[in-house]
Amino acid sequence: MQSDSHELNFSKIKTYRECPLAYKYKYIEGKREGLVPASSLGVSIHRTLEAYHAQSNDPSELLSYYDDCWMGAGYASAGEQMEWYLKGKRMLETYAQREYERKTVVDSTEREFIFQEGEWTLRGKIDRIDKLPDGSWEVIDYKTGADADVTAAVTDSLQMGIYAVGARRAWNMQRGKATFYFVAFDQVQSAPFEAFDERKIIDTFIETGKKIVAQDFSPNCANCPNCLFKDRCDQAVLPPEN
């Protein structure tokens, strides 16, 4: 039986590449990353869209799902929570307007793919998968952060690359595109599956996986300011407070 270290997904790879020690905290020691307003709102919106697309085709009902799926953790005060709630509400109101114009069929949400590459198991979970009128497919990842780079090339994204590979390998979706849906900006960026270098993407996963198996968990202190473990890590290097 293979160890969990031979099972790779984008979250594991991203965490390790940002900081191997953070990977150890999260995936080996089981420590949880603390919630902050941005990440808490992201969870609420993802839950809302999953529930809405699974149960309704009426955009006018979307905000009722938001109330049901709202998560109040991660906020310092009731006032801060309301501020972020209203940010999310505005995002979803715009999302609902786009829904009235959608020509695709939502095939599934939170769908998991899994495929083998030698001794490695690669898997992932995709926020939404649409079927287009021409019979091709669109795999969609929601981005809710206001700091997202909407100008970055989708083909530079390792996340969208493994999603495109996973759709082809696991589900035989040979024709399609991978899309970032920037919910905070009401923008989308897409690239066709064939634009991604499958071999390079898989090799990147495996090369990182080999470092994980070798238990190389040296800290990357350059990422400390952005790390959600920074207040609990004795290796953290942070700028002095003003």
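Contact here means heavy atoms within 4.5 Å. The views come from a predicted model, in which local features need pLDDT of at least 70, side-chain atom pairs count only at pLDDT 80 or more, and totals for chains, interfaces and linings use all residues. Residues are numbered from 1 along each chain as its sequence is written, and side-chain values use heavy atoms, with hydrogens and water left out.

**View A. Helices H3 and H5 pack at an angle of about 35°.** Helices (H or I, at least four residues) and strands (E, at least two) are DSSP runs numbered from the N terminus. Axes are lines fitted to C-alpha atoms, for helices over the stretch in contact, and angles run from 0 to 180 degrees between N-to-C directions. Here the axes of H3 (residues 37-55) and H5 lie 10 Å apart. On the H3 side, look for residues including Leu41, Ile45 and Tyr52, which meet a set in H5 that includes Trp84, Met91 and Tyr95.

**View B. Helix H1 meets helix H7 at about 65°.** H1 spans residues 10-18 and H7 spans 198-213, with axes 10 Å apart. Phe10, Ile13, Tyr16 and Arg17 of H1 make the contact with Thr204, Phe205, Thr208, Lys211 and Ile212 of H7.

**View C. Strands and a helix line the second largest pocket.** A pocket is an open set of points on a 1 Å grid over the protein atoms alone, where a 1.4 Å probe fits, with protein on both sides within 12 Å along at least five of seven lines; lining residues have an atom within 4 Å of a point. Of the 16 lining residues, Arg98, Arg102, Arg128, Glu138 and Tyr181 lie nearest the centre. H5 (78-99), S3 (120-131), S4 (137-143), S5 (176-182) and S6 (187-192) each supply at least two of the lining residues.
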